[in-house]
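Hello,

Here is the structure for you to look through. My notes follow below.

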Amino acid sequence: MLKRTALYEDHSQAGGKLVEFAGWEMPLYYTSILEEHHAVRTQSGLFDISHMGQIQIRGAGAKSWLNGMVTNNLDRLKPGLAHYTLLCNDQGGVIDDLYIYQTAPETYWLVVNASRFEADLDWMLKHRPADGQGVQIESLRGRYGAIAWQGPKAVDFIDQLVEEVAGGGGPKPNPSALKKNELGEFRFAATPIWIARTGYTGEDGFEILAADGILPAVWKQCLALGKSLVRPVGLGARDTLRTEAGYPLYGHELTEQITPVEAGLSWCVGFDKPVFIGRERLLQQRADGVPRKAIAFKMKEKCPPPRPGYGLFAPGTTAPAIGTVTSGTQSPSLGAGIGLGLVPPALGKTGTQLELEIRGKKYPLEVVSKPIYKK
Amino acid sequence: MESNVPQNLKYAKSHEWLLIEGATATVGITDHAQHELTDIVFVELPAMGRQLTAGEACAVVESVKTASDIYTPAAGEVCEVNAALAGNPGLINTDPYGQGWLFKLKLAPAETGQGLLAAAAYRSQIGS
């Protein structure tokens, strides 16, 4: 039995094409992946991201314990701020990538991949201090959902979503005043909701965390406010948008066998922290180098769309593949094949010419910097 | 969503349609198939003159999400391919039985599309 989000009825009524994703019944698209992609780049789109796992870590010992679990340094956070981070195993392999929203001095709200929710929770419970030591780990699954409102027009409407509160709401008076990675507590229908200026599309936008009970009302109100400048967007466009932005997707660019240093995510590793799981291996890789590194690429001529698993080759040789495509698609914004992959570091510099093999034929590509699509 | 299944065509279980007109036939994919595939962004068509046996994989239709082999529903020689698809593969989504056709065959002797499904049978296969 597939799990359904609080917005299932809304997706059905909107004609969403529902598919299985990580055990959830989710919309792949409503009208067309391409139309929805372009809407997010030029206007705005509304995503149901309630399938993502939400976990709260609270208590006097929350910060020091959590800081030993994740790679990024929680010293960089404060209430009202969020950041991207990774959960690694002892070998530095990535268990999951996630966002941590600090909502209060001793409260961290984690949003994790749907496919990794159980693995994350198991890992954290396994490493919980024996006596608790003031650390509470609580799953919000089945009680909280989330909506992402992404695209250049979202900022024009987001303030109308929330109620004016006497004496002000959170640290910022309006959601539109939030800067990138900032969040605040606001009110909708006399109920607290949390809005952050975060997203997974490469566009400006917001992510809204709210109780399942009011989530359908929030969804409907976003659509009512944005009118022709907002539309529901499914997982299909979510994938093409994130690929153009060069963002990793767990299971593709990140696995338990790939480290943050290999994945090009050293920027979210707090090497200055004295202790965190995976630190020794990551320090060693930073000093000694890595056997492979993540790249972004763009096809140089018309060709079939790159797909995960296709081989990457040094040009003009008959040598075996030097790397692999981890994500690939036809970029709706660029009208060209694009992708992400893993190659030896010497062949991963921006501007390097490589080839991709599709059904026995090789096509030229160039290693490019991220984001692949720049406005 | 209700799929369009025209009465005058024959259908393969693998979701191709066949329109026989005398000694030649036109091949495409069904409305149901294009809807399942999602937005089509690339099409690889068989070479002109290629001899095909019924059921042979001979073309590839690629959507944003995935690549799908296309199997010819009938035997024959490829005598025309839809050149418009190179520049506008989305025609398969917008007009799967018209401008989105894939290729034409000079039918092999005695090829009548036997074994293919009539519209009603295909409709029941896709539960439409």
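**What turned up**

The charged end of Arg4(A) lies over the Tyr8(A) ring, 3.8 Å from its centre. That label needs NZ of Lys or CZ of Arg within 6 Å of the ring centre and within 35 degrees of the ring normal. Arg238(A) does likewise with Phe47(A), at 5.9 Å.

Some ground rules. This is a predicted model: local features need pLDDT of at least 70, side-chain atom pairs count only at pLDDT 80 or more, and totals for chains, interfaces and linings use all residues. Residues are numbered from 1 along each chain as its sequence is written, chains are lettered from A and ligands numbered from 1 in the order written, and side-chain values use heavy atoms, with hydrogens and water left out.

Next, the aromatics. Rings of Phe, Tyr and Trp (its six-membered ring) pair if their centres lie within 6.5 Å; planes under 30 degrees apart count as stacked, over 60 as edge-to-face, the rest as tilted. The count is 10 aromatic pairs over all chains. Trp109(A) and Trp194(A) pair edge-to-face, 4.8 Å centre to centre with 65° between the planes. They sit 85 residues apart in the chain. Both are buried (under 20% relative accessible area; exposed is over 50%, partly exposed in between; 1.4 Å probe, protein chains only). The ring centres of Tyr200(A) and Tyr247(A) are 5.8 Å apart and the planes at 10°, so this pair is stacked. Tyr247(A) is partly exposed, at 28% relative accessible area. One aromatic cluster is formed by Tyr84(A), Tyr99(A), Tyr101(A) and Trp267(A).

Best wishes

Methods: Helices (H or I, at least four residues) and strands (E, at least two) are DSSP runs, numbered from the N terminus.
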